[in-house]
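Reader: Please take me through this one slowly, and tell me what stands behind each label you use.

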Amino acid sequence: SQAAWCELPARVLLVLTSQRGVQMYEADGSTMVFWHALDVPELPAAHSVFARGIAAAGGRFVCVGTSFGAVLVFDIPPKGTNVTLSEVLEQHRDPVTDIAAEQGQAPDGAGDLVTADDSGTLCLWSTGEEFTLLGKIPGSGSTCSSVALWNGIVAAGYGNGQIRLWEAGSGRIRAQVSAHARWIYALDLAPLTGKLLSGAEDSFVHVWKLSRNPDTDDIEVQHCHAECVTDTQVCGARFCDPAGDTFAVTGYDLSEILCY
Amino acid sequence: MSARTLPLLFLNLGGEMLYILDQRLRAQSIPGEKARKDEWTDVDRKRVMNDIISTMFNKKFMEELFKPQDLYSKKALRTVYDRLAHASIMRLNQASMDKLYDLMTMAFKYQVLLCPRPRDILLVTFNHLDAIKDFISDSPAILNQVDETFRRLIETYNCLSDGEFQLIRQTLLIFFQDMHIRVSIFLKDKVQNSNGRFVLPISGPVPWGTEVPGLIRIFNHKGVEVKRAEFTTAGNYVTPQREGSFELYGDRVLKLGTNMYSVTRPVETHMSGSSKNLASQAKENIAPNPLAKEELNFLARLLGGLDIQKPPGGETGFRLNLFTTDEEEEHAAQTRPEELSYKVINIEATQEPGRRAELSRILGELDVAEPRPGSAEKGEDLLALMDGL
């Protein structure tokens, strides 16, 4: 199950995903605005059914991934409960793992949404009344567990501990980091500074700095800081402010949220 | 949650149980000629191991186990192992059974947590099965049963993706969440901290397919590498030598899931003052379980066909003690914190007419037919099969 705040210009919704489907609540948790049930078979099937991956996109949509590979696009009205399923994007053949919307300024031609799946495949989209698929980056054997998008740079974290940076417009790889010794669970980006946070099962949380070299147009990544959460497999990591000066971490069997 | 988790949970916990029973039986066995009627001998030990293993790997039971389904509740699973442990002439008191189950679950929790890659859970399972085959190496019929299950595992799991294995791993970790029972063999080996949490090493070989952390490579828009940089961390990782084998026979490389008990090391668990997390575990055991009644009805139904073997030596004839002395076992039973009791419902099939009438009434109310294909009650079919053996 996942929970995420979806910030849209008109309102903020709390979106929850589970094996049953998708639920959306008002920001104060007072009312359930909408729910969408997934087609759950009578008997447990060999393939699990669940919704996973949440992002607010295009100023008016909330996108949610599913274990079928489909991405559900919900059109959110500025007020009220009249949420509609606007589109179903069917480009992934494996369960969706994460979805991220552009957090900075997309260069021309680059999309403003990226979706990722179990096979490591990434899809780049331009949002709108109708979503358009702009490009597909095939996986190379490792699950892409989490993804972020900033100024046309796709940051992807993988099950084999690698972080890869892709050019959203061309779909080309621009950087490869042997970042962690275990499965990366979380990536987060601070849009004001381009700082990237990565948390993994190896107990480490790393802070990186993304930037673009104005002369060569190369994407650069520097390692800023490492924290080891002793004897804890990190499951969640998020910046607490848009500049990335503080961040919070959660882990398996941990009933606390650690702040750094 | 993954609907393919139960076989892995069952087989690995079963494997740990066999390691512990084998060690205790060896520790308590007396050479054949010197043994009194109520003491263990090597022959008895082999017989118990054979009986339990052949029950565990029964063909119909395995077929049922491998069907896609949700995990059992903790209570239902514990009951399955109670039955399994009593599939032979051996008897365990409540305290010993509790301790056995604690050791089994903490051991497997440790193995799941430390698996380098999600799919290495399969290697851990293979390690258990390799050892089980060793226990019954002189019984070709049972060996066949185990090999059948081995093949079924390979068929079902070898083709799954990393993502699917990670889902299985997460399902298992949720099952074991907040369990922090301290095990003395883990504490001594510095594998567990005194607060019950496992030590996660930040050194050693990285998983197969992962690179040692530290390298940053930059590419230009043509895909040519133009820069390299390095970063350092507190971790001290190395490249792995080779990958473990996922075939029927082979070097698994991974040590997790191999037998860590030797004859001379007694294994204790510590109950007192484990951690605040007992609160959540306590809530789970005390809160009324709507399924408990269902499970109770089915257990009652199964008792109709249960043929409890009375040990020839009398009530306490072939009892196995998981503790070093009887007094210790008694003490453990009395001092076990309420929150950690498994609250296993013990039902005795006796000859009392009143009791029999009650069971018949329950049986009468139930639809005693072949397992209904649509039934989703946890553990029903599995328990039925176990007792039919």
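Reader: Let's start with strand E17 (residues 184-190) of chain A: what makes you call it mostly covered?

Author: Seven of the seven residues in E17(A) are buried. Buried means under 20% relative accessible area, exposed means over 50%, and partly exposed is in between, with a 1.4 Å probe and protein chains only. Before we go on: this is a predicted model, in which local features need pLDDT of at least 70 and side-chain atom pairs count only at pLDDT 80 or more, while totals for chains, interfaces and linings use all residues. Residues are numbered from 1 along each chain as its sequence is written, chains are lettered from A and ligands numbered from 1 in the order in which they are written, and side-chain values use heavy atoms, with hydrogens and water left out.

Reader: Why do E17(A) and strand E18 (residues 195-200) of chain A count as a pair?

Author: Two strands pair if DSSP finds at least two bridges between them. E17(A) and E18(A) have six bridges, in the antiparallel sense, so they pass that test. In this pairing, Ala186(A) faces Gly199(A) of E18(A). Four residues lie between the two strands of the hairpin, and Gly194(A) has a positive phi near 80° there.

Reader: What makes you say that strand E16 (residues 173-178) of chain A is largely enclosed?

Author: Six of its six residues are buried, so E16(A) is largely enclosed by the rest of the structure.

Reader: Which strands does E16(A) pair with?

Author: One is strand E15 (residues 162-167) of chain A, antiparallel over five bridges. Here Trp166(A) stands opposite Ile173(A), and the hairpin has five residues between its strands, with Gly171(A) at a positive phi near 80°. E16(A) also pairs with strand E4 (residues 215-219) of chain B, in the antiparallel sense over three bridges. In that pairing, Val177(A) is opposite Ile216(B).

Reader: What is chain A made of, and where do those labels come from?

Author: Chain A has zero helices and 23 strands. Helices (H or I, at least four residues) and strands (E, at least two) are DSSP runs, numbered from the N terminus.

Reader: Why is chain A called as compact as a globular protein of its length?

Author: Its radius of gyration is 18 Å, close to the 18 Å from the globule rule for 260 residues, so the description holds. The radius is taken over C-alpha atoms, and the rule is 2.2 Å times the number of residues to the power 0.38. The C-alpha trace spans about 45 × 45 × 35 Å along its principal axes, and 57% of the 260 residues are buried.

Reader: What does chain B have in helices, strands and burial?

Author: Chain B has 14 helices and eight strands, and 51% of its 389 residues are buried.

Reader: How many of the contacts in each chain join residues at least 24 apart?

Author: Contact means heavy atoms within 4.5 Å. Counting contacts between residues at least 6 apart in sequence, 41% in chain A join residues at least 24 apart. In chain B, 79% of the contacts with a separation of 6 or more come from residues 24 or more positions apart.

Reader: What makes Met90(B) buried?

Author: Its relative accessibility is 0%, so it counts as buried. Met90(B) sits in the loop between helix H4 (74-85) and strand E1 (91-92) of chain B. Leaving aside neighbours within four places in sequence, its contacts include Leu21(B), Trp40(B), Ile52(B) and Phe318(B). Met90(B) and Arg319(B) are 229 residues apart in sequence, but 5.7 Å apart in space, C-alpha to C-alpha.

Reader: And why is Val253(B) called partly exposed?

Author: At 30% relative accessibility, Val253(B) counts as partly exposed. This residue is in the loop between strand E6 (236-238) and strand E7 (269-270) of chain B.

Reader: What is worth noting about phi at Val253(B) and Asp231(A)?

Author: Most residues other than glycine have a negative phi. Val253(B) has a positive phi near 65°, and Asp231(A) has a positive phi near 55°. Asp231(A) belongs to the loop between strand E20 (219-228) and strand E21 (234-239) of chain A.
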